[in-house]
Amino acid sequence: MRLFTLRIAGEAAHIAVHGEIDYETLPTLRAAADDLPPDVAELVWDLRDAHFMDVAGLHLLFEQPHRAPARKTTVTNLAPQPLRLLLLAAEVNPGFELARLLPDTFPATLPDD
């Protein structure tokens with residue numbers, strides 16, 4: 001089974017992760033995001049099949065690639081464990097802006113603090 005599948009539609013890329021997000025899989029996933037065409041303005045990480053994520057997932061989701069620093073990044077279909085990790089990270093560092101990263105998890109009316 002492949003670690004991820006990639007679909008590009010117009011200016012949006014969707015990367016569906018199949019398996020764990022950890023330091024072993026981080027380089028491959030980061031390369032997938034870094035190698036997207038420069039005209040891709042939005043990256044959606046679909047984590048439906050990623051039931052475990054360690055701190056490597058935080059690096060993946062919050063560190064923008066050097067080639068596309070303005071790319072909008074969102075995450076969909078979070079399993080409970082990755083969601084708990086993201087909520088804990090936001091509690092420790094409120095600058096993570098989870099409302100922007102997780103638009104279908106949080107109401108759109110959350111402040112942008």
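This is a predicted model: local features need pLDDT of at least 70, side-chain atom pairs count only at pLDDT 80 or more; totals for chains, interfaces and linings use all residues.

Residues are numbered from 1 along each chain as its sequence is written, and side-chain values use heavy atoms, leaving out hydrogens and water.

**Exercise 1.** Find out in which sense S1 and S2 pair.

Solution. Start with the terms: strands (E, at least two residues) and helices (H or I, at least four) are DSSP runs, numbered from the N terminus. Two strands pair if DSSP finds at least two bridges between them. S1 (residues 4-9) and S2 make six bridges, in the antiparallel sense. For instance, leucine 6 has isoleucine 15 in S2 as its bridge partner. The two strands form a hairpin with two residues between them, and glycine 10 in that turn has a positive phi of about 65 degrees.

**Exercise 2.** Work out how S2 pairs with S3.

Solution. S2 and S3 (residues 42-49) pair in the parallel sense, again over six bridges. Here alanine 13 has leucine 43 in S3 as its bridge partner.

**Exercise 3.** Decide whether S2 is largely enclosed or open.

Solution. Count a residue as buried when its relative accessible area is under 20%, exposed when over 50%, and partly exposed in between (1.4 Å probe, protein chains only). In S2 (residues 12-18), six of the seven residues are buried, so the strand is largely enclosed by the rest of the structure.
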